Amino acid sequence: MLIRYFAAARAAAGTETETVEVPTDRSCTRRDVEALLVRSHPQPPPGQPPLAEVLARSSFLLDGVACPDPGTPVPAGAVLDVLPPFSGG
């Protein structure tokens, strides 16, 4: 699946996008994907918050649709956008 990071999430992950493998032998949820991302990025780039902190306050889009429930199933070929709170207008 493709992960696209925006703003503070991009800074905390140290990348704009990444591809991750999700389990295909069982149902994978957004919560599972978040845990995988936190394990993949245990240390933030210098001067950035940990990705776990950013994910905790972020909104998510799954294939372009709001995904507020961490228990939502995530298919293997999905696109998950990580959208931290934005400021400004």
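Asp63, at 48% relative accessibility, counts as partly exposed, a class that lies between buried (under 20% relative accessible area) and exposed (over 50%), as judged with a 1.4 Å probe and protein chains only. This residue is found in the loop between E3 and strand E4 (65-66), where helices (H or I, at least four residues) and strands (E, at least two) are DSSP runs numbered from the N terminus. Although Asp63 is not a glycine, its phi is positive, at about 50°. The structure described here is a predicted model, in which local features need pLDDT of at least 70 and side-chain atom pairs count only at pLDDT 80 or more, while totals for chains, interfaces and linings use all residues. Residues are numbered from 1 along each chain as its sequence is written, and side-chain values use heavy atoms, with hydrogens and water left out.

A positive phi is also found at Ala7, again a residue other than glycine, with a value near 50°. Ala7 has its place in helix H1 (residues 7-13) and is partly exposed, its relative accessible area being 32%. As background to both cases, most residues other than glycine have a negative phi.

The chain as a whole contains 3 helices and 5 strands, and these follow one another along the sequence in the pattern β-α-β-α-α-β-β-β. The radius of gyration of the chain is 12 Å, close to the 12 Å that the globule rule gives for 89 residues, so the chain is as compact as a globular protein of that length; the radius is taken over C-alpha atoms, and the rule is 2.2 Å times the number of residues to the power 0.38. Along the principal axes, the C-alpha atoms fill a box of roughly 40 × 30 × 20 Å. Of the 89 residues, 33% are buried. Among contacts (heavy atoms within 4.5 Å) with a separation of 6 or more, 59% are accounted for by residues 24 or more positions apart.

The accessible surface of the chain, computed by the Shrake-Rupley method with a 1.4 Å probe, comes to about 5000 Å², and 54% of this area belongs to carbon and sulfur atoms.

Within helix H2 (residues 30-40), the buried residues are Arg30, Val33, Glu34 and Leu37. They cover an arc of only 100° around the axis, which puts them on the same side of H2, the arc being that of the directions from the helix axis to the C-beta atoms. The partners against which the buried residues of H2 pack are strand E1 (2-5), strand E2 (17-19), helix H3 (51-56), strand E3 (59-62) and strand E5 (79-83). Glu34 of this helix counts as buried at 14% relative accessibility, and, when residues up to four places away in sequence are not counted, Glu34 touches Leu55 and Phe60.

Thr29 is found in the loop between E2 and H2 and, at 15% relative accessibility, also counts as buried. Thr29 and Gly71 are 42 residues apart in sequence, yet their C-alpha atoms are 5.3 Å apart in space. Not counting residues up to four places away in sequence, Thr29 touches Pro70, Gly71, Thr72, Pro73 and Val74.
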